[in-house]
Amino acid sequence: MSRRWTNDLTQDDVTPEGLFLNRRQLMAGAGALGIAGGLAAPAGAETLEPNAYEDITNYCNYYEFGTGKDDPAKYAGALTTEPWTVQIDGLVDKPGDYTLTDLVSQMDIEERIYRFRCVEAWSMVVPWQGFELADLLDMVGVKPEAQYVAFETALRPDEMPGVKYPVLDWPYVEGLRLDEARHPLTLLATGLYGKPMLNQNGAPIRLVVPWKYGFKSIKSVVKITLTDTQPPTSWNKANAGEYGFYSNVNPTVDHPRWSQATERRLGGGLFARREPTLLFNGYDEVAGLYDGMDLVRNF
Ligand code: MTE
């Protein structure tokens, strides 16, 4: 399958854990950080080093299992992820219930090292494993009228202790414009650090949209719907003044209750300096998707 990437990393670029990652390394957005072909970053730019596996898997947001950062690691083990079916419907040529095994067997799984920026102003770097959402969309065939993709998380009150609280209007839902969904950076991830995705991180399959705030990256997806209207999204429904549909990372558009200009990189320790937040989280290649759009109004 042809790929459109120029910034491949080598094994040496991924250090912690000394794990696997010997397949094709991809670090899209490297250009934006001044790193090319795995060479060291010039002065002023940072090197992209993944966070420790323990950090990524123990500091989580997955409100279906509680609102504490350690709740998902404690309670998400209860989620049954096998068998898993993803319903794909709406404006597609081949709607249906696809078993995850069937789906994944048809996809080209790669490793992608992405920066991940939460709307709460912390960030990390994650070596994901997954496939391009665009490939899945091609497989099911998108009808010409489709303009958006809607996603839904599993809702299992018996397995998810957090959904008895009305923190959000369950199930968790998210959405992307079709061109965002088709962007080659947009991933459906099935693992991280070369291991199958842990439940707390959204097993068995979750979205990853690295230029948007983390809440767009919906976990444990059971339904994907192609539609011609902008779909509702959980955080926007909960508070439209604070969370927009787009939610592109943008240091110049503050959250009403805190600044988005800087971020705290996880694993940096208590006294680590905050780092400047980059527009589109550093993934400048997506800028064209928003040509002519007012990013303050469309936050
Ligand atoms: N998806 C579901 N279904 N429920 C959630 O609470 N939290 C979101 C997003 N996806 C969330 C979700 C938020 S706020 C963030 S920052 C990321 O997941 C966190 O992903 P991580 O825990 O793997 O770092």
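User: Why is N248 called buried?

Analyst: Its relative accessible area is 8%. The label buried needs a value under 20%, so N248 is buried.

User: What makes the pair N248 and K212 a polar contact?

Analyst: Their side chains come to 3.0 Å, and the cut-off is N or O atoms within 3.5 Å, one able to donate a hydrogen and the other to accept it. N248 also touches a set of residues beyond four places in sequence, including E180, W211, Y213 and F280. K212 is on that list too, as are Y290 and L295.

User: K212 comes up again with E180. How do you know that the two form a salt bridge?

Analyst: The N to O distance between the side chains of K212 and E180 is 2.8 Å, and a salt bridge needs the Lys or Arg nitrogen within 4 Å of the carboxyl oxygen. This pair links distant parts of the chain: K212 is in the loop between β11 (206-208) and β12, E180 is in helix α5 (residues 178-182), and they are 32 residues apart.

User: Are K212 and E180 buried or exposed?

Analyst: K212 is buried, and so is E180.

User: Why are K237 and D169 called partly exposed?

Analyst: Partly exposed is what falls between the two cut-offs, buried being under 20% and exposed over 50%. K237 has a relative accessible area of 41%, so it gets the in-between label. D169 has 48%, so it is partly exposed as well.

User: And R265 with E275: what makes that a salt bridge?

Analyst: The closest N and O atoms of R265 and E275 are 3.2 Å apart, which passes the 4 Å limit. R265 is in strand β13 and E275 in strand β14 (residues 275-276), 10 residues apart.

User: How many salt bridges does a search of the whole structure find?

Analyst: There are 16 salt bridges. Salt bridges that share partners also join E110, R112 and E132 into one network.

User: On to the sheet. What makes β3 and β12 paired strands?

Analyst: Two strands pair if there are at least two bridges between them. Strand β3 (residues 85-90) and strand β12 (residues 221-227) are joined by 4 bridges and run parallel. D89 stands opposite T225 in β12, and I88 has I224 as its bridge partner there.

User: How do you know that β3 pairs with β4?

Analyst: Again 4 bridges join β3 to β4, against the at least two that pairing needs. These strands run antiparallel, and they form a hairpin with 5 residues between them. V86 stands opposite Y98 in β4, while I88 stands opposite G96.

User: What is the strand order, and which are the edge strands?

Analyst: The open sheet has 5 strands in the order β4-β3-β12-β7-β8, with mixed pairing. The edge strands are β4 (96-99) and β8 (173-177), because each pairs on one side only. From one strand to the next, the twist averages 20 degrees.

User: Where does pLDDT stay under 50?

Analyst: Over residues 1-45, for which the model has 99 contacts beyond four places in sequence. Where pLDDT is low, the predicted coordinates should not be read in detail. The protein averages a pLDDT of 88, and 84% of the residues score at least 70.

Notes: Residues are numbered from 1 along each chain as its sequence is written. This is a predicted model: local features need pLDDT of at least 70, side-chain atom pairs count only at pLDDT 80 or more; totals for chains, interfaces and linings use all residues. Side-chain values use heavy atoms; hydrogens and water are left out. Buried means under 20% relative accessible area, exposed over 50%, partly exposed in between (1.4 Å probe, protein chains only). Contact means heavy atoms within 4.5 Å. Axes are lines fitted to C-alpha atoms, for helices over the stretch in contact, and angles run from 0 to 180 degrees between N-to-C directions. pLDDT is the predictor's confidence in each residue, from 0 to 100.
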